[in-house]
Amino acid sequence: MLEEMPSAAQLSRLLDLGADAGAAEESEESSTPPGQSFRRGKSRVYHASEWPAEQQDECLWSPGACGPGGQGSPQQGPRGWQLVVSGHAGPPSHKSQDSGFSDSESEASPLELKPLPRARGSPTPGTPLQCSTPKTARGTLRARLVNRKSSDKVKSKRPGEETTLAPVNPALDLLLTTRIVGSEVCRDPVEQWLQETRYRVEAECTTTLQGKAIASRLGGACSRVVGARDAVRALQQQAHVISAEFARLCQHMELERLESCPDLADSLITHVDAFVRGYQSHQAACADEVRPSEEQERLAREEATLVAACNRLVATCACSGPPSKEQLALDVAALGHSFTRLVDRVLSHEIKALVSLIEQSSPSELELRSALASIAALGLEGSHLCKLIAKCGAVRALLAVCLDATKPNLRVAALRTLAIVCSEVEAVRHLDQDGGVEILADILAENQRSEEERAEAASVLTQASTLGVDGSLTIESLPDHLDSLVTSLSRMASETRKGESLLLALATLTNLSFLEPRQCVMLLVQKDAANQLLAAVRSGVSSSLFVQEQAATLLANMAAVPEARAELAESGRAVVALLCFLQIRSSPLQRSAEISAAERVQQKSAIALSRLCSSQTVAQQIVELQGAERLVRLCKDEKERNHSDAVLVACLSALRKIASHCGPEVIEKLGAEELVAPRLLDSFLLYSSRQESYV
């Protein structure tokens, strides 16, 4: 009968020994009958007799295979070993001292395990194996089996007691330093760590690379675009700081605090000097750029004027006692004007650098898009920059892109930038002088253009014509292209399925009806555009308050022309639409812009009805459709009209027109005879939200 052999639990404990190789837990011995196998996880312990004789020379044997005398026989394996541990799922769990990571047991599918052959070139027994880092016998993680002949047990080391360890098995050491990863064997813990790290950091590296800026690595024109844009913003920030210093100094001057003015003036001059030095250093960094000599001379003159103004202010504040208020005001005003001129000159120079990129003969798509985006971003920062952009020739350059660009996305970007720039009067004047209205009319008339491009062209016209409605300017070239514009905009409004395009078309037509009221309205009547527009609004493409506001305003402008009233009254669609617009109510849950739009819809609808009520037929139609009841309620109930007195005046005017054609008894039946009393002012004061006298 075989002698006692280590069990699977004992082997697992021996394989999981920690950093201190000299300290080991006490193992228990158990007798195992021959042929019985032990399982631990996915590993298996075999008896020596279970293996074929031709493979016994390459197996790992325990000393239990020795006979009673403890001598190993050839049939039982070399050196008296009978215990074999092997498996495809990898060795039992152990902690690698090389890498510092804990390797868990493999959970691979339970496959039949095979004996692990001894690696070629294995060291002789007793020679410690070395992995990535050589280790001493005490510091090496190594399982030790107890030799049957010595019959000594591995015990925990206690003070004053030595531990007897069994001879080291090189094949078992090789097993402990080997891991099977898929079909590859990783013998080095550092190599295994590198394999695992690759999968852990690959996603993070990809995300980091995706977040890198592209323009900074492209060089060339894109770098110049970024540099010019950053320079403009830096100059603006410094100018804001200096403007705040100006405001503080002027405030102290107004409050007669002249004793603190010298210190404030000194701080102001310090900031101005820093501004000049910063721009000079920027000029030195951009010395490779070719600049016109005239521009350099202008900048030099502006800098000299600013330095002289600073010197005069210093001399005024250097006198003994508080400075003179009159002289101080003159010096501060001169310094302010000089600084403003210099800032405008510097900003114009940087903006011209962006415009020059657009005016290149053959710029790349990325360069052009970058320059357009930079100009648009600068235009959004204020009307003053829009004015400077227009003076630098940006309007002509943008129109050239709209004509010459081959890709639709570039033309759309140029039109969008042009709409932003045209929010200032100077830009609209350049648009009118450079033939921009004709170019926009051609874009709107071409059906092969995309709807997005035509909508952007309409937005440019809307922005430009809004300034004309305010009375700021007159677009001289508009009447020459009005027929084409009305036709194209009416077609786009009736064919579009997008609410934004419908809103832009209606807004442009409304502005044109303000600028050229008679000509535009007669064109709308000839083309039956009113019915088409109302059908588009009613079709449900967009039910926003802003679309309804533009439609009501356009109908009110058309009703102001006597020749157009008959056309609007005959169709009947306009009266029904206006009465529907009167039913709109504002809600406290809406935004302030929507509440204001709802008030304007009510006001414009009442004005249009009042103008159409010049015809008795229209007045009777309004009464039959119960429009008079809605007008009376808007007059008496302040909440219905959101306390708007403008809506009250328009509704009172419409009721008086209805009473004049249908008789006052129609209004008396509604209990609102005071609304059509002889004096309009009395009716207004009776239901006005302000409750104040206008005598």
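**Note on the predicted model**

1. A search of the whole structure finds 2 aromatic pairs. In one of them, the rings of Phe 246 and Phe 339 have centres 6.5 Å apart and planes at 40°, so this pair is tilted. The structure is a predicted model, and the values here are computed from it.

2. Where do the two residues of this pair lie? Phe 246 is in helix α5 (residues 221-254) and Phe 339 is in helix α8 (residues 325-358), so the pair ties together parts of the chain that are 93 residues apart in sequence. Both Phe 246 and Phe 339 are buried.

3. Phe 339 also pairs with Phe 275, and this pair is edge-to-face, with 5.2 Å from centre to centre and 65° between the planes. Phe 275 belongs to helix α6 (residues 261-285) and Phe 339 to helix α8, so here the parts tied together are 64 residues apart in sequence. Phe 275 is buried, as is Phe 339. Through these ring pairs, Phe 246, Phe 275 and Phe 339 are linked into a cluster.

4. Leu 342 is another residue of helix α8. Is Leu 342 buried or exposed? Its relative accessibility is 2%, and because buried means under 20%, Leu 342 counts as buried. Leaving aside residues up to four places away in sequence, Leu 342 touches Phe 275, Val 276, Leu 299, Glu 302, Glu 303 and Leu 306. Val 276 is 66 residues from Leu 342 along the chain, yet their C-alpha atoms are separated by 9.3 Å.

5. Of the 19 residues in α15, 14 are buried, so the helix is mostly covered. After α15 comes Gly 471, which has a positive phi, near 85°.

6. Glu 640 sits in the loop between α25 (627-636) and α26 (645-662). With a relative accessibility of 9%, Glu 640 counts as buried. What does the side chain of Glu 640 make a polar contact with? The partner is the side chain of Arg 630, at 2.9 Å. Beyond four places in sequence, the residues that Glu 640 touches are Arg 585, Gln 602, Arg 630, Arg 633 and Leu 634.

7. In helix α28 (residues 680-687), the residues Ser 683, Phe 684 and Tyr 687 are buried. They cover an arc of only 100° around the axis, which puts them on the same side of α28. An α-helix has 3.6 residues a turn, so residues three or four places apart point the same way. The buried residues of α28 pack against α25 and α26.

8. A caution concerns confidence. The chain has a mean pLDDT of 75, and 67% of its residues reach 70 or more. Over residues 53-168 the pLDDT is below 50, although this stretch has 219 contacts in the model beyond near neighbours in sequence. Residues 171-183 also stay under 50, with 39 contacts beyond four places in sequence. Where pLDDT is low, the predicted coordinates should not be read in detail.

Definitions and conventions. Residues numbered from 1 in each chain as written. Predicted model: local features only at pLDDT ≥ 70, side-chain atom pairs only at ≥ 80, totals over all residues. Heavy atoms only, no water. Buried < 20%, exposed > 50% of the residue type's maximum accessible area, 1.4 Å probe, protein only. Helix = DSSP H or I, 4+ residues; strand = E, 2+ residues; numbered from the N terminus. pLDDT = per-residue confidence, 0-100. Contact = heavy atoms within 4.5 Å. Polar contact = N/O pair within 3.5 Å; in protein donor to acceptor, adjacent residues only side chain to side chain. Arc of directions from axis to C-beta. Phe/Tyr/Trp six-rings, centres within 6.5 Å; stacked < 30°, edge-to-face > 60°.
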